[in-house]
Amino acid sequence: MKANGQTFQSSGKLSWGLLFVLCGAIFLEGIDVSMMGVALPAIRAELGMSTGSLQWVVSAYVLGYGGFMLLGGRAADLFGRKKMFLVWLTVFFAFSGLGGLSTEGWMLITARFVTGISAAFMTPAGLSIITTSFAEGTARNKALLVYAGTAAAGFSLGLVVGGILSEISWRWVFFGPVLLAFVILLAAIRLIPASGRPEASSKGFDLAGAISVTAAMLLLVYGVVESSNLGWSWTAGILACSALLFGLFATIERRSASPLVRLGIFSASSLVRANLGAMLFAGSFFGFQFVTVLYLQELRGWSSLETGLALLAVGVDSILAPTLTPKLVNRFGNIPVIFGGFCLAALAYALFLPIGLDWTYAAMFPTMILTGLAFSLTYGPLTIAATDGIAEEEQGLASGLLNTSFQFGAALGLAVVTAVQIGSTSLDNSPQAMLDGYRTAMMVPIAASLLGIGITALGLRKRSPVVNS
């Protein structure tokens, strides 16, 4: 990691202590997101929220996260990664607590929006600290795969923990992350090394670029998230405005002496493929999860805790990502491992396609375990592929692009699955009609996985050198 032109070499207990702190932060972000989904029925019951307003408890977070991610990633490069990480972890800590104290729906939605913004700055800062603190190659790959496994563990365990805490009070879904964030903040102050004043910050800040790209991302995410409620005409108008703002942003960046996003970064084909892969993988996974939760709770009558336990098998990736995946990456390289992960994802979702009204968990289990294996083979290697070969001063930007792709992919996957499920369910709302809608909606994750296979296959011709441990 560079500080004032000097290279910081993290090693031994210091480097792994640093990784422990940053893994704690991504675990916090994962568990915060997954617990929220399980707690929604209890939140609606106490605050008297309508279905439309309840959706915004989730959508407000996605809007803040996806809308500000590119700005957050570049801010880490320009203003200091440690500073951005600590400041926005503190904001996350504060507004998660305020969410738990909310007495009105609008208060909770506002808190979730600001929490999403804080994650948009904190997450790319943390990831770029890892990529600049560990030497490119085996050490960085291992660190990134541990990081990815921890993120997955937070998400899968959050489903179960959220179900348990919701039985006590939905407010503990917010207070739990507050306690964890406080511990991480104290450790981060001590273990994250200062990076000094980044050289890039002396060139000035691209304010026009920041405003245009953030507005474009906000409109893009809003249009995708609300597409099922807005109708096609409004959605098309919002997306058109987003496209115009992206065009304005590109013009500003080409003329700026210190661009927020150097457009030449997209000339790296591996980065482009990794981001497209991240978008498709997130879309397929979150679409699958959405269909599964509705199937288990609305059609089968399972409780939130039972649903969380059913999905817990997906959490096998938290074990495999730091153990099996590094060996596979060292042996075969990133791209073949990602390709295998997409193949397993397509198979897993296809096995879930013939779901029935009386399916046993034994019939669902192959899909759950294969999805976890696919996650372990795909998430971490995509992170490596998206940051490999990128200059240190643009690691925050590369991290922001990757996280933007994951968030936008998740929002797009949910929007498309929702639209397909609603459109394919007949008005009688019978169990068979609901089942038909879920089966049709499952075609979306399958299609996204097949597209991921195709895009990843393009990179097999340019296979990166294998790193031997």
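**Overall build**

What radius of gyration would a compact globule of 469 residues have, and what does the chain have? A compact globule with 469 residues would have a radius of gyration near 23 Å, and the chain agrees with its 21 Å. Here the radius is taken over C-alpha atoms, and the globule rule is 2.2 Å times the number of residues to the power 0.38. Along the principal axes, the C-alpha trace spans about 65 × 50 × 45 Å.

Before we go further, a word on the model: it is predicted, so to speak of local features we need pLDDT of at least 70, and side-chain atom pairs count only at pLDDT 80 or more, while totals for chains, interfaces and linings use all residues. Residues are numbered from 1 along each chain as its sequence is written, and side-chain values use heavy atoms, with hydrogens and water left out.

**Helices, contacts and surface**

You will find 17 helices and two strands in the chain. Both are DSSP runs numbered from the N terminus, with helices (H or I) needing at least four residues and strands (E) at least two. Contact means heavy atoms within 4.5 Å. Among contacts between residues at least 6 apart in sequence, 84% join residues at least 24 apart.

Of the 469 residues, 57% count as buried. Buried means under 20% relative accessible area, exposed means over 50%, and partly exposed is in between (1.4 Å probe, protein chains only). The chain exposes about 18600 Å², and carbon and sulfur atoms supply 69% of that area. These areas come from the Shrake-Rupley method with a 1.4 Å probe; for residues, only the protein chains shown count as cover.

**Charges and cysteines**

The chain has 25 positive and 21 negative charges, and their mean positions are 12 Å apart. Lys and Arg count as positive, Asp and Glu as negative, and His and the chain ends are not counted. Each charge is placed at NZ of Lys, CZ of Arg, CG of Asp or CD of Glu.

If you are thinking about cysteines, a search of the whole structure finds zero disulfides, a disulfide being a pair of cysteine sulfur atoms within 2.5 Å. Cysteine 241 is partly exposed at 40% relative accessible area, and cysteine 343 is also partly exposed, at 29%.

**Two threonines in α14**

Helix α14 covers residues 361-387. Threonine 367 lies in this helix and is buried, with a relative accessible area of 0%. Setting aside residues up to four places away in sequence, threonine 367 touches Phe288, Ala348, Leu351 and Phe352.

Beyond its neighbours within four places in sequence, threonine 371 is in contact with Phe285, Phe288, Val314, Ala348 and Tyr349.

Proline 354 sits in the loop between α13 (334-352) and α14. At 49% relative accessibility, this proline counts as partly exposed. Apart from residues up to four places away in sequence, proline 354 touches Trp359 and Arg439. The C-alpha atoms of proline 354 and tyrosine 438 are separated by 9.9 Å, although the two are 84 residues apart along the chain.

Methionine 36 belongs to helix α1 (residues 12-47) and is buried, with a relative accessible area of 1%. Not counting residues up to four places away, methionine 36 touches Ile43, Val57, Arg112, Val173 and Phe174. Methionine 36 and valine 173 are 137 residues apart in sequence and 6.8 Å apart in space, C-alpha to C-alpha.
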